[in-house]
Amino acid sequence: NTRAFIRKKSTGHTQSDLNLLVRRACEIALIGVETNGVDVNIDLEGGALPVIVDELQIQQVVINLVRNAIEAMKYAPVKKLGVRTRKRRSGEVE
């Protein structure tokens, strides 16, 4: 249930896999949402991407970005949404 997920309290920063967080958030964002023909492409870096984050905050941001992007493309002639994760040479992730 999306509402139950959103209502959970923040648990602070923990070590997590960014790919797993992003995948779950995208799945939640697409539940019950009319995609209006938007082609959603989720491209995650191979392997785990360990990060220390507040999981709830990261997932809420991704959910909001995905839903807002789909809504913004409602009348667009080209409807493509890409969500991806990458590890930089410096060790940072994006």
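R88 forms a salt bridge with E92, the closest N and O atoms being 3.8 Å apart; a salt bridge is here a side-chain nitrogen of Lys or Arg within 4 Å of a carboxyl oxygen of Asp or Glu. The model is predicted, so that local features need pLDDT of at least 70 and side-chain atom pairs count only at pLDDT 80 or more, whereas totals for chains, interfaces and linings use all residues. Residues are numbered from 1 along each chain as its sequence is written, and side-chain values use heavy atoms, with hydrogens and water left out.

**Salt bridges**

By this rule the model contains three salt bridges. R88 also meets E94 through their side chains, at 2.7 Å from N to O. The remaining pair to describe is R86 with D43, whose closest N and O atoms lie 2.4 Å apart. R86 belongs to the segment after β4 and D43 to strand β2 (residues 39–43), so this pair ties together parts that are 43 residues apart in sequence. Helices (H or I, at least four residues) and strands (E, at least two) are DSSP runs, numbered from the N terminus.

The table gives the accessibility of the residues concerned. Buried denotes under 20% relative accessible area, exposed over 50%, and partly exposed the range in between (1.4 Å probe, protein chains only).

| Residue | Relative accessible area | Class |
|---|---|---|
| R86 | 21% | partly exposed |
| D43 | 30% | partly exposed |
| R88 | 43% | partly exposed |
| E92 | 48% | partly exposed |
| E94 | 41% | partly exposed |

**Nonpolar core**

In soluble globular proteins, nonpolar side chains tend to be buried together. A nonpolar core is defined here as a set of buried Ala, Val, Leu, Ile, Met, Phe, Trp, Tyr and Cys residues joined through side-chain atoms within 4.5 Å. The largest such core has 19 residues, of which V22, C26, V62, V66, L81 and V83 touch the most other members. Two or more residues each are given to this core by α2 (18–30), β3 (50–54), α3 (55–72) and β4 (80–84). The largest share, seven residues, comes from α2.

V66 can be followed individually. When its neighbours within four places in sequence are set aside, V66 is in contact with C26, A29, L30, L81 and V83, contact being heavy atoms within 4.5 Å.
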